[in-house]
Amino acid sequence: MIAVAYLLLWLALAAYVARTVTSTRWLGRAATALTATAWGAFTVGLMRRGWEAGHWPLANRYEFALCFVWAIVAIYLLLEASWGERRAGPFVLAITLMVATYAVTRPAGEKAIAPLLPALRSVWLQIHVLTAMVGYAAFAIAAGLGVLRLVQRDGEPRWPAPEEIERTVNRAVALGFPWLTLSILTGAIWAHNAWGRYWGWDPKEAWALVTWLWYLLVLHLRPLRRWRGRRLAALAVIGFGIVLFTFVGVPWLVRTVRLESLHGF
Amino acid sequence: MQRAWRFFARLDIAAILVFAVLLLILLGSCFPQLPSSADPEQLAQWEAAVRARYGRLADPLVASGAFRCFRSPIFLVPVVLLALATLVCTVDRWRGVWRRTFRHPVRCSDVALESAPHTAQLASPEADLASIVPECLRQRGFRVRSETAKGVVHLRGDRNRLASLATLATHLAVLLLLMGTVFSSVCGWREEVTFQSGETVSIAHGTGLALRNEGFTIDRHPDGSAADYQAKIVVLEGVREVTRGTVQVNRPLSYGGVGFLLRSYEGRENHYDVTLLAVHDPGYGLVVVAGLLLLFGLTVSFNFPHCWIHARIEPGGMLRLAGRADKRAWDFGREFERLAREVERAAGE
């Protein structure tokens with residue numbers, strides 16, 4: 001089911017790109033339908049996996065990546081419905097597919113369903129991972145829109161108005177930021193119960209704080225006139241780069257520099 | 001003094017400090033950090049391992065504080081300056097925010113009406129604008145107040161009028177969070193104890209507490225990995241039993257402000273050695289409260305911004321609308337236009 005969902009996402013991306021190039025209305029509707037179907041397939045796939053494993057499918061990097069994709073698509077579909085705008089689709093779906101490709105190319109050992117480790121059996125951990133997923137997904141949408149704003153030339157009628165895009169970037173960042181805060185807070189509560197300390201400068205914790213500070217910076221720079229427009233868009237794109245590094249890059253950093261980390265994923 | 005105050009109240013200074021802290025965390029995360037609560041023998045082992053790994057670079061890295069980045073002045077000074085900027089910013093904005101939140105004059109000057117970022121006008125001598133406008137505002141969740149003077153009806157609609165206070169709550173939460181972490185590191189302690197079933201060990205730090213291990217059990221999955229494990233623990237104060245319970249991963253036992261966590265176990269020939277961690281962290285509660293306050297402040301600030309609309313209805317049926325909103329009300333302009341259209345439609349019916 002996950003493979004079908006992944007394929008449907010590629011088809012949806014193709015439809016969104018074709019719609020942008022040709023301005024054909026039915027292609028836009030088809031792209032949305034394909035995206036919604038892909039989301040449905042992801043939902044069924046994740047539910048089935050959770051059922052078979054006997055726990056929420058949030059126990060390793062593969063499962064988190066799948067849930068991350070699921071959340072990006074869900075928020076994007078809600079955004080498309082409320083905004084009535086499909087032209088951001090190619091950019092958001094390209095980012096979604098980047099994460100989805102990372103998930104489906106995980107080695108078989110990581111994809112195998114495994115029993116939950118005792119340390120991962122905590123309601124705080126579940127909330128921590130779920131909230132991180134929503135926050136990250138909102139930042140992914142902001143980054144997709146940020147890329148759209150960066151490629152857009154002023155006065156080009158093919159794309160939505162620049163102010164409209166910037167407003168939506170702001171909304172996405174403002175949506176994701178409290179979720180990221182909640183994620184860090186619940187992670188701290190879990191760490192206090194599991195390890196006896198709520199903060200330990202573990203590389204993953206340090207990078208979660210870097211991500212939080214980055215978006216804090218974005219929200220504080222917004223009122224300053226010279227940080228609007230393309231610069232704001234660039235900040236949103238860099239922010240998502242930090243999100244991806246926190247998710248994928250930190251385990252690599254831990255291995256490469258031989259750091260100590262208590263975080264499995 | 002005044003110059004320093006104005007300096008720290010600046011938004012761009014706060015942004016630079018946030019960026020500096022961010023960069024230092026980023027750098028610190030690239031190096032192994034000196035354990036905070038290891039004994040001298042463990043510290044010596046740790047240092048030897050780091051020296052072996054970094055070779056000639058070890059000395060300059062030690063000298064630069066790379067291995068104790070988060071405790072070095074290079075990191076702590078910008079953090080303290082950021083805390084100071086947050087405090088100055090909070091105090092500096094307090095009066096303005098308070099005024100914006102609690103002093104809402106219904107009447108609005110001509111200048112304020114004209115200079116508002118969102119304005120609209122409508123002439124409708126026939127329509128009962130004094131009841132149409134409040135109705136439209138109420139439907140959009142605005143609290144409406146009105147005054148009449150010399151035949152002119154003044155209206156003011158406010159939505160989320162207390163939301164500006166959330167910014168102050170957010171800044172206050174950041175300060176409390178920092179206070180909590182300082183409290184934890186200054187007044188807190190951790191101690192590891194390893195013992196087998198039937199043994200009793202004392203906890204230091206003047207607590208007068210001791211722990212007795214009354215048994216360890218472990219359940220395994222078919223593949224041999226641990227499914228669950230737990231230790232039965234009795235807490236003694238002197239020789240008197242004060243509490244007892246089962247300690248599991250994620251489920252510590254607490255007594256008198258000390259938490260007892262199951263850290264690890266090691267199978268021996270005919271028994272298990274159990275390692276527990278005794279933790280006293282008086283800053284934790286403050287950190288959680290500050291975290292919740294921060295979350296509340298951020299959620300309200302970004303999702304429920306204060307918006308307000310002034311309306312003036314003159315005797316001839318001339319309506320002037322002026323709308324203002326907090327900068328986080330991303331969609332207010334569009335909403336204002338919709339409201340103006342709704343009033344126009346209702347007046348035309």
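Asp331(B) and Arg167(A) pair up through their side chains in a salt bridge at 3.6 Å, N to O (a side-chain nitrogen of Lys or Arg within 4 Å of a carboxyl oxygen of Asp or Glu). This contact runs between chains, from the loop between β13 (318-325) and α10 of chain B to helix α7 of chain A; helices (H or I, at least four residues) and strands (E, at least two) are DSSP runs, numbered from the N terminus. Asp331(B) counts as partly exposed because its relative accessibility is 25%, and Arg167(A), at 24%, is partly exposed too (buried is under 20% relative accessible area, exposed over 50%, partly exposed in between, with a 1.4 Å probe and protein chains only). Shared partners tie Glu164(A), Arg167(A), Arg171(A), Asp331(B) and Arg334(B) into one salt-bridge network.

The model is a predicted one, where local features need pLDDT of at least 70, side-chain atom pairs count only at pLDDT 80 or more, and totals for chains, interfaces and linings use all residues. Residues are numbered from 1 along each chain as its sequence is written, chains are lettered from A and ligands numbered from 1 in the order in which they are written, and side-chain values use heavy atoms, leaving out hydrogens and water.

Glu164(A) is buried at 18% relative accessibility, while Arg334(B) is partly exposed at 28%.

Elsewhere, Arg87(A) meets Glu85(A) in a salt bridge at 2.6 Å, N to O. Over all chains, the salt bridges number 29.
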